[in-house]
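The sequence and structure come first.

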Amino acid sequence: MLKKCSFCENYESRDNPLIAGRSSNVYICKNCIVSAYKILFGDVEDTSKEEEEVKLEYLPTPKELKAILDEYVIGQDSAKKVFSVAVYNHYKRIFKQNELEEDDTEIAKSNVLFIGPTGSGKTLMAQTMAKVLDVPFAIADATSLTEAGYVGEDVESVITRLYHAADEDVKKTERGIIFIDEIDKIARLSENRSITRDVSGEGVQQALLKIIEGSVVNISAEGGRKHPNQKFIPIDTTNILFICGGAFDGLADIIKRRLGGNVLGFGQEKRSKRDENELLNYVETEDLVHYGLIPELVGRLHMIATLNELSREDMIRILTEPKNALVKQYKKLCALDDVELTFEREALEAIADLAIARRTGARGLRSIMEEIMIDIMFNLPEYKGYEVIVTKDVVEKKGAPLLVKKEKKSA
């Protein structure tokens, strides 16, 4: 039988040993002793977080990483391959540092730029990868960031978020993953430089450049704005993996102009979204610079992965196939009340069409499902012993589902 602390009820481990009391069933752990000392005698360095090297027990291969992503992210095979290789090379570079030090070869870290429409899976891929590798993960919206000294969030606040996600462990923080979304929204709109200070565009790009490239950032232990009297914690960002993502609306036009196509003029045939996605596969660094990202920042985002807009079939697969698919979740919830939930194919197609019409990608599927299922879940206890069938009429006209009495299994 495992022993556990009588105060916090955490089980004994190598990093948190227990001390037994006079009674055979009373124990106190190392963490509780440190906390008690702080209460009685003031702050003291937490010895429960020893300075030891953080290592992965096993680094999955690129194929294994992609196979795991396949369980959660539908489609986007090309982007998943690029991302898997980038992550593998990044953490291989960190955890095989001793072998690299034998010669003078320097390997730059593989920061990633995701280009794709909203709801195509950019954030989900980053979150899933962090979960697989068991490393801390933080996400920030680039549009909420400003230069230091201006109203808004400092760029360095994303490091503070990662620090808290790592349970305030510096070593873990320095091996984490940061996802910066909407990076395209802080691009310069033109080559003309304004005489006024650009606190949320190029200025933020310059500030991001420092931490992405690798530097020691002093973050506030308490969070919030810095002031001279507070305690600072140095975080080295050299080995933090940065992933930037954005929709980059209009980038396809820039690529087409570079490739010799004319996007202006009368009589031009309207391009489909599929054509635009095809063009994004030919993106070059000069296109991103022309779009408005500073060359130095583009140069630090070594791996570029493009994601396609989700099709109707992709939406249906997202609803039904992943481990955390919404249909699977609702079926499980209904099964707990002895109700069998079934979605007709036409109903799933109607849900997918609604999500496509809202132009929010897979992100819109949850809100649509909640709208459809709210009445069914409200009346769920009354459906005990029935099969509840969601039809196209339920989705489009908010009609009542079909109810079929389940046959009782003979003993």
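## A helix pair

The model is predicted: local features need pLDDT of at least 70, side-chain atom pairs count only at pLDDT 80 or more, and totals for chains, interfaces and linings use all residues. Residues are numbered from 1 along each chain as its sequence is written, and side-chain values use heavy atoms, with hydrogens and water left out.

Two packed helices are described by the angle between their axes and the distance between the axes. For helix H2 (residues 62–70) and helix H5 (residues 122–133), the angle is about 120° and the axes are 10 Å apart. Axes are lines fitted to C-alpha atoms, for helices over the stretch in contact, and angles run from 0 to 180 degrees between N-to-C directions. On the H2 side the contact (heavy atoms within 4.5 Å) is made by Leu-65, Ile-68 and Leu-69. H5 contributes Met-125, Thr-128, Met-129, Val-132 and Leu-133.

## Overall make-up

The protein has 17 helices and 14 strands; these are DSSP runs numbered from the N terminus, helices (H or I) of at least four residues and strands (E) of at least two. Of its 411 residues, 42% count as buried, where buried means under 20% relative accessible area, exposed over 50% and partly exposed in between (1.4 Å probe, protein chains only).

Among contacts with a separation of 6 or more, 66% are between residues 24 or more positions apart.

## Nonpolar cores

A nonpolar core is a set of buried Ala, Val, Leu, Ile, Met, Phe, Trp, Tyr and Cys residues joined through side-chain atoms within 4.5 Å. The largest has 42 residues, and the members that touch the most others are Ile-159, Ile-183, Leu-208, Ile-211, Phe-248, Leu-251 and Leu-288. Another core lies apart from it, with 31 residues, among them Ile-318, Leu-319, Leu-341 and Leu-380.

Leaving out residues up to four places away in sequence, Ile-211 touches Lys-109, Val-155, Val-158, Ile-159, Val-217, Thr-237 and Phe-242.

Ile-115 is in strand E3 (residues 112–115) and counts as buried because its relative accessibility is 0%. Beyond four places in sequence, its contacts include Phe-248, Leu-251 and Leu-288, as well as Leu-280. Ile-115 and Leu-280 are 165 residues apart along the chain, with their C-alpha atoms separated by 8.0 Å.

Val-388 belongs to strand E13 (residues 386–390). Val-388 also counts as buried, at 0% relative accessibility. Its contacts beyond four places in sequence include Leu-341, Ile-376, Tyr-383 and Pro-401. Pro-401 is 13 residues from Val-388 in sequence, at a C-alpha to C-alpha distance of 6.3 Å.

## Positive phi in two loops

Gln-76, a residue other than glycine, has a positive phi near 55°. Gln-76 sits in the loop between H2 and helix H3 (77–95), and counts as buried at 8% relative accessibility.

Glu-182, also not a glycine, has a positive phi near 60°. Its loop runs between strand E7 (177–181) and helix H8 (202–213). With 25% relative accessibility, Glu-182 counts as partly exposed.
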